[in-house]
Amino acid sequence: MLAALPPEQTGPAAWYGPAMAKDTSWISPLSPADVAEVSAAVARNADADIAAITAADFPLPGLAPRLAAIREELLHGRGFALLRGLPVGAWSIRESATAFYGIGAHIGRARSQNAKGHVLGHVKDMGLSSTDPTVRIYQTAERQTYHTDSCDVVGLLCLKTAKSGGLSTLVSSSTIFNEIRRRRPDLLPLLMGPIATDRRGEVPAGMKPWFEIPPFTWHEGQLTALYQRQYIDSAQRFPEAPRLTPAHVEALDLIDDLANDPALNLHMAFQPGDVQLVHNHTLLHDRTGFEDHPEPERRRHLLRLWLAVPGARPLPPIFAERYGSIAVGDRGGIIVPGTTRLHAPLEAA
């Protein structure tokens, strides 16, 4: 059985949460000189179309080499990093969005996050419920489940925190794979076969309202994860979608149990001005539920980027079903009939 499976994953991406909690080298504080450099680039782009900003438009001569090193750490190291110290409290929403987008342009190319063509997302409670199959969980105050997004790297900028809760949590999908390989290798063939995942109403032209990609794929010597349990479950609302067997449910439950194990995962509390960057192919991410402030101007608010990153790993052809393309540096995101243009809204919509 084991001989037919991918090997145990080694290296910095196969980490355990308690060790990461002790090793805070993944936190990268911004110096006053860094902030001044970002602020100057923001001022330079005061009237720019944010969605069109490139790294060349947003010069960061001092910070850019550090961002390049962070990009390497994302793709080939532990898979996540946190920049700390953007002065979002002193900036307008446009200035914060410009700074975030400009920094992101030094990591990769922004991709559309929804059917509206938003390359800048707003993560906040819109008073919605995930029981509606067209609602995505980031639009609620509910706890998310461990998942990946449809891009190489996802970035979050914290503008405001909740009254309580809303912690960011990460877990290594490589470590989850290793633990399943050790405990229940008989379940891995099911997790390396296609499983239907709901598109939640955002259906590209010519596609089904669900896609079928394995939670784990082994391609050109690399293990890649793609997982969203809540959307796997909701895909079963379509009679034509392949059925989950009891063995599938057992395997998926094991992923969830391992992801939620404090011996594996890492929790972090954001501060305003934090920029978190996460490699989707080797990590699952989640957010605890939260209670928000009653005043609208104080409510939890994060900005989000989905990035296609140059130098990223090759993906198997089946990923084109979700990513549209598997071309490195030009893949991921959501484009559907009716998506007219890519833009960076300054308000949640």
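Here are some questions and answers about how this predicted model gets its descriptions.

Local features need pLDDT of at least 70 and side-chain atom pairs count only at pLDDT 80 or more, while totals for chains, interfaces and linings use all residues. Residues are numbered from 1 along each chain as its sequence is written, and side-chain values use heavy atoms, with hydrogens and water left out.

Q: What makes up the secondary structure of the protein chain?
A: It comes to nine helices and 16 strands. Both are DSSP runs numbered from the N terminus: helices are H or I with at least four residues, strands are E with at least two.

Q: Why is cysteine 151 called buried?
A: Buried means under 20% relative accessible area, exposed means over 50%, and partly exposed is in between (1.4 Å probe, protein chains only). Cysteine 151 has 0% relative accessibility, so it counts as buried. Cysteine 158, at 1%, counts as buried too. Across the protein chain, buried residues make up 56% of the 349 residues.

Q: How do you know that cysteine 158 is too far from cysteine 151 for a bond?
A: A disulfide is a pair of cysteine sulfur atoms within 2.5 Å. The sulfur of cysteine 158 is 19 Å from the closest cysteine sulfur, in cysteine 151, so that's too far. The structure holds zero disulfides.

Q: Why is arginine 341 called exposed?
A: Its relative accessible area is 52%, so it passes the cut-off for exposed. Arginine 341 sits in the segment after helix 9 (320-323). Leaving aside neighbours within four places in sequence, arginine 341 is in contact (heavy atoms within 4.5 Å) with Lys116 and Gly117.

Q: Is histidine 248 buried or exposed?
A: Histidine 248 has a relative accessible area of 15%, so it's buried. You'll find histidine 248 in helix 8 (residues 246-259). Not counting residues up to four places away in sequence, histidine 248 touches Leu190, Ile195 and Arg243.

Q: What makes helix 5 (residues 173-183) mostly covered?
A: Nine of its 11 residues are buried, among them Ser173, Ile176, Phe177 and Ile180. What covers the buried residues of helix 5 includes strand 7 (168-172), helix 6 (188-191) and helix 8.

Q: What is the phi of arginine 200, and is this residue buried or exposed?
A: Arginine 200 has a positive phi of about 55° although it is not a glycine. Its relative accessibility is 3%, so arginine 200 counts as buried. Arginine 200 lies in the loop between strand 8 (195-198) and strand 9 (210-213).

Q: Why is glutamate 220 called exposed?
A: Its relative accessible area is 61%, so glutamate 220 is exposed. Glutamate 220 lies in the loop between strand 10 and strand 11. Its phi is near 50°, a positive value in a residue other than glycine.
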